[in-house]
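Subject: Structure handover

Hello,

Here is the structure I said I would pass on. Please open it next to this email while you read.

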Amino acid sequence: MRNFYFKIRIGIIGLLILLGKLSSGQIVDIKEDASNPLPNIILIMADDMGYECLGCNGSLDYSTPTLDRLADNGIRFTNCFSQPLCTPSRVKIMTGKYNYRNYEYFGYLNPDQKTFGNYLKDAGYNTCIAGKWQLNGIYHDLPGNQDLSRPQHFGFDEYCLWQLNKTGAEGERYANPLIIRNGEEIEGLKDAYGPDIFSDFICDFIDENKERPFFVYYPMVLVHDPFVPTPDSPEWNEFGDRYKKSTAYFDDMVGYVDKVVSKIEDKLKDSGIANNTIVIFTGDNGTHPSIITETVDKEVTGGKGSSLNTGNHVPLFVSWPAKIKKGRVFSGLVDFTDILPTIADVAKLNPASYYTDGKSFFSVINQTDGKTSKEEVFIHYSPRWGRFKSNRWVLNEYYKLYQNGEFYNTMNDPDEKNPIVSPTNQEKNIKKKFEKVLDSKEKEFPFKNNDVEFKP
């Protein structure tokens, strides 16, 4: 009897908590059909991996069989654009907003922002993040940079992260990594490899949460420099050689990206939930400039940090076996502001419950529409790091217009060496459309204000 009354009390308390959250707006409007359960979502973002690095995108230099198969059996997007640098991309993909709204410092996301982690957690998803954080503000000693609960503040129930409260100089990401797991530094990692720790953590999370919808965000540490051996490199067997730096190890690092994605896919299959799990794979920006990749068309020099398309043209594919029965290629335009609203549509969130500068491409995934209405991509780029300069531009699959008026055919002139000086009538019309976009953004937020204020 005592146990009966205890259960009644717990039920009443739970109901009161639920009603309180509903009245305060903490729970996002969500509709779940028991006969068609909400899919799990896994978003994987490789670090410094440009479009040219995958075999399915034409690479001849690296082995990516798992990624190629998932892309070929899913939807492969050929025109996805991130930001040219890591933190600007991370802030953009997590919040769905242009950088002039909320990218204040390199290595920082203001706690006043909400991420896709917050939205999905409020909607009932169990949430997890593993990999590279770099958002606490440690590079500028900003308030709260030692706050180990910041990932939870941004909506993640569990986390396993590098660069949470210490810089890379204080502990690396690969051999003998410095990793914080749910508030505590993991001990005894002398013989460990960081990407294994992160992928194992994700697999454990899948095991523990396979009975209800979950969201995993995996911002990888691979394939960012230093370019060093992986456990699959012969040099790994000699402890001192694990820190040898050479671009020759880039091949092995790309291969290891494929390996850990394969591990996660196997876990989904073993758990019986692969069919109704959406896997989204992308990269945060272009490849490091020291890496030259041979493709079926040409050699591609990495463009990380640059405003050239190689700086932010990144791979993107979506795998969802329950819905995508036949592989497709989508050549329409997508950018990182579009990821959050797409994920929100997957989770059936009320669009009025969040703000975004992007446009969902869920109709493309769900095969209810063959295209999106996005005709161009606007980029506001303010690196706040290194030698790179701030800029603004508009682009589509073939052309690009900078705010200074330089206009390029990026299909024929990818290195942007020859601005168009005598445009055709068609090119004049395209340029006018791009100018209207730039003018509208300038009226909303003047570029000269870039470093002194932000527009929410």
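Predicted model: local features only at pLDDT ≥ 70, side-chain atom pairs only at ≥ 80, totals over all residues.

Residues are numbered from 1 along each chain as its sequence is written, and side-chain values use heavy atoms, with hydrogens and water left out.

Helices (H or I, at least four residues) and strands (E, at least two) are DSSP runs, numbered from the N terminus. Helix α7 covers residues 194-209. Its 16 residues should span 22 Å at 1.5 Å a residue, and the end C-alpha atoms are 23 Å apart, which agrees; the expected span is 1.5 Å times one less than the number of residues. Twelve of the 16 residues of α7 are buried (under 20% relative accessible area; exposed is over 50%, partly exposed in between; 1.4 Å probe, protein chains only). Among them are Phe198, Phe201 and Phe205. The buried residues of α7 pack against several elements, including β1 (40-46), β3 (126-132) and α8 (250-270).

Glutamine 134 lies in the loop between β3 and α6 (150-153). Is glutamine 134 buried or exposed? Its relative accessible area is 5%, so glutamine 134 is buried. Its side chain makes polar contacts with those of threonine 87, at 3.2 Å, and glutamine 163, at 2.9 Å. A polar contact is a pair of N or O atoms within 3.5 Å; within protein, one must be able to donate a hydrogen and the other to accept it, and residues adjacent in sequence count only if both atoms are side-chain atoms.

Threonine 78 is in strand β2 (residues 75-81). Threonine 78 is also buried, with a relative accessible area of 16%. A polar contact of 3.3 Å joins its side chain to that of asparagine 79.

Now the pockets. On a 1 Å grid over the protein atoms alone, a pocket is an open set of points where a 1.4 Å probe fits, with protein on both sides within 12 Å along at least five of seven lines; lining residues have an atom within 4 Å of a point. The largest pocket has a volume of about 830 Å³ (the space filled by probe spheres set on the points, which are joined across faces, edges and corners). Of its 26 lining residues, Tyr51, Lys298, Thr310, His313 and Pro414 are the closest to the centre. Strand β2 gives the most to this lining, with four residues.

The second largest pocket holds about 270 Å³ of space. It is lined by 18 residues, and Phe106, His224, Asp225, Lys304 and Trp385 are the closest to its centre.

Regards

How values were computed: Contact = heavy atoms within 4.5 Å.
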